[in-house]
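Hi,

Here is the structure I promised to pass on. Have a look at it first, and then read my notes below.

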Amino acid sequence: MSSAWSQLEDVGITVVTKSDAEYGKARRNYNTRFSRYPAAIAFCENAEQVSAALMFTRKNQMPFRVRSGRHSYEELSLMDDGLIIDVSKLKQFKVNQTEQGNYAVVGAGMRQDEVYQHVSAEGFVFPAGTAPSVGVSGVAQGGGIGMLSRAFGLTLDNIVSIQLVKPSGAIAVLTADSPVPDKELFWALRGGGGGNFGIVTAYTFKLHQVPELTVYEMRWKYDQFIDVMRYWQQWAPDTDRNLTCQLTFEPRDTLDENGKPREVHSEGLFIGSPEALANLLEPWVETVPPLDGYPLMERKSFHETTEFFAAFDSAPHPFKTTGAFVYDNLPEESLKTIVDRLDNAPSKQCALWMQSFGGAFADPAPEDTAFFHRKARFIQEYVGAWTPDTLLGMKCARWAEGFRSALAEYTRGTYVNFIDLSLSTPGKEKAQQPYLELYYGGNVQRLREIKTQVDPDNVFDFPQSIPPLPREPDGSR
Ligand SMILES: Cc1cc2nc3c(=O)[nH]c(=O)nc-3n(C[C@H](O)[C@H](O)[C@H](O)COP(=O)(O)OP(=O)(O)OC[C@H]3O[C@@H](n4cnc5c(N)ncnc54)[C@H](O)[C@@H]3O)c2cc1C
């Protein structure tokens, strides 16, 4: 096989195989629950190399996966034995300021913190997620939920064009004005989830400017959760769209690194002054007074805000996380279920995390992009995390999945970027799988039609991928 790899090396691709010293580092992803051993990892540096790597797998009928930031919850960007087409070296970044608006061309290998650094150095803000090391590629194809979602929408709402290596190996730039099928492909890539329709090599994003930014943080005691939640869920998705809030519920007696309680806490990002933010928070603070009596509030630069929210991120560790969208405020009995679940959390690293929607998140209709769940009021994430210990790990994983099931009657669908293999029914063919409806709601059929058109041979196939439509008995579609 080594001579076969040389076909990739001949076009400048760095190939790391099991016999290379750097293989261990090169293969590792963020979720250390998994340990997969690909035959090789092909580190590509431009779109042409990505296309060559894809064509190589097709010619050799070799299974492959695409990888960028390595943060797939179920490690779907890795596999045993196949080839990993890694785009993390595609790091170009350029701002274009035009009369029509300001744009950034971003290589598909950029991590969120790298984009944040560049963007803020140029005086702009960029709506994406909070964890610094997550790849923009995976985030943007599935959605991109973050602390500017209510002001500027999802990351994918800010995509102006996408450079894509198609399943055929052709390199194309897609926009909303491209002819069909590229126009449809552009629609599908904004919400369809990574790895279904080709390999993204670059994005152009719309950038924004803001006058000033303020962050807040509040903490409450464990037993105040229901009161906090009651207020938050009827307020946060409807308040001023310049404010996006997250709310986290952690097991009893959880302390921060300074030994202070952090069981129920909320943070948020506001486009505006501390005084204006204080006015928005006042009724909440009066209804359920936080631990220190008043929120911590601080005016920050955009880059500082990304560091503030990055503080809630951590180093690679094992976890099983799943999620759900909440369309209607949760009734009292479900809040008691939540407390019961946290009372029985098997590890201190387990948590319930939520983020408010509405505002710009809800402006597009569910069918405007492939991201369907626009009318959800907020999202929930059931985080099962642990220090390395297999038995505890199994308990935490079951806890997270059980949490989701316990609230299933009050929630609807889930976020494809919180990909969860337990949402597949063993033995069922893909077309009948419940995950399709959960991730894509009413957009499933259109996604499958586009898949059929652009990837009829189902080259981009992985657990929970979007299946093409079935063939007729004569093989046609
Ligand atoms: C710690 C942590 C924090 C997170 N925080 C947020 C958050 O704040 N907001 C949010 O919205 N999400 C968040 N997520 C979820 C995140 O959006 C997804 O895990 C996302 O898929 C990660 O993308 P990646 O490029 O880092 O991962 P990868 O594992 O590299 O890829 C993820 C998927 O996309 C595919 N893919 C990657 N690159 C490409 C490409 N160039 N072309 C085609 N397909 C590709 C892969 O094959 C895989 O299926 C978080 C995840 C983690 C682990």
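Let me start with a salt bridge: the side chains of aspartate 182 and lysine 166 pair up, with 2.7 Å from N to O. Keep in mind throughout that this is a predicted model. Aspartate 182 sits in helix α7 (residues 182-188), while lysine 166 is in the loop between β7 (159-165) and β8 (171-174), so the pair ties together parts that are 16 residues apart in sequence. Are the two partners buried or exposed? Aspartate 182 has a relative accessibility of 14%, so it counts as buried. Lysine 166 comes out at 19%, which is also buried because the cut-off is under 20%.

There is also a network to look at: Arg33, Glu74, Lys320, Glu401 and Asp420 are joined into one by salt bridges that share partners. In general, side chains of opposite charge can pair when their charged atoms come close.

Glutamate 74 forms a salt bridge with arginine 33, and their closest N and O atoms are 2.8 Å apart. This pair links distant parts of the chain, 41 residues apart: glutamate 74 is in the loop between β3 (64-67) and β4 (83-86), and arginine 33 is in the loop between α2 (23-27) and β2 (40-43). Glutamate 74 is buried at 3% relative accessibility, whereas arginine 33, at 30%, is partly exposed.

Now for another pair to click on. Arginine 36 lies in the loop between α2 and β2 and glutamate 75 in the loop between β3 and β4, so this pair ties together parts that are 39 residues apart in sequence. Their side chains meet in a salt bridge, at 3.6 Å from N to O, and both arginine 36 and glutamate 75 are buried. If you want to go through the rest, a search of the whole structure turns up 28 salt bridges.

What does phenylalanine 152 touch, leaving aside its neighbours within four places in sequence? The contacts are Val125, Pro127, Asp157, Asn158, His208, Val210, Ile271 and Ala360. As for leucine 207, 55 residues away along the chain, its C-alpha atom is 9.6 Å from that of phenylalanine 152.

Cheers

How values were computed:
Residues are numbered from 1 along each chain as its sequence is written. This is a predicted model: local features need pLDDT of at least 70, side-chain atom pairs count only at pLDDT 80 or more; totals for chains, interfaces and linings use all residues. Side-chain values use heavy atoms; hydrogens and water are left out. Contact means heavy atoms within 4.5 Å. A salt bridge is a side-chain nitrogen of Lys or Arg within 4 Å of a carboxyl oxygen of Asp or Glu. Helices (H or I, at least four residues) and strands (E, at least two) are DSSP runs, numbered from the N terminus. Buried means under 20% relative accessible area, exposed over 50%, partly exposed in between (1.4 Å probe, protein chains only).
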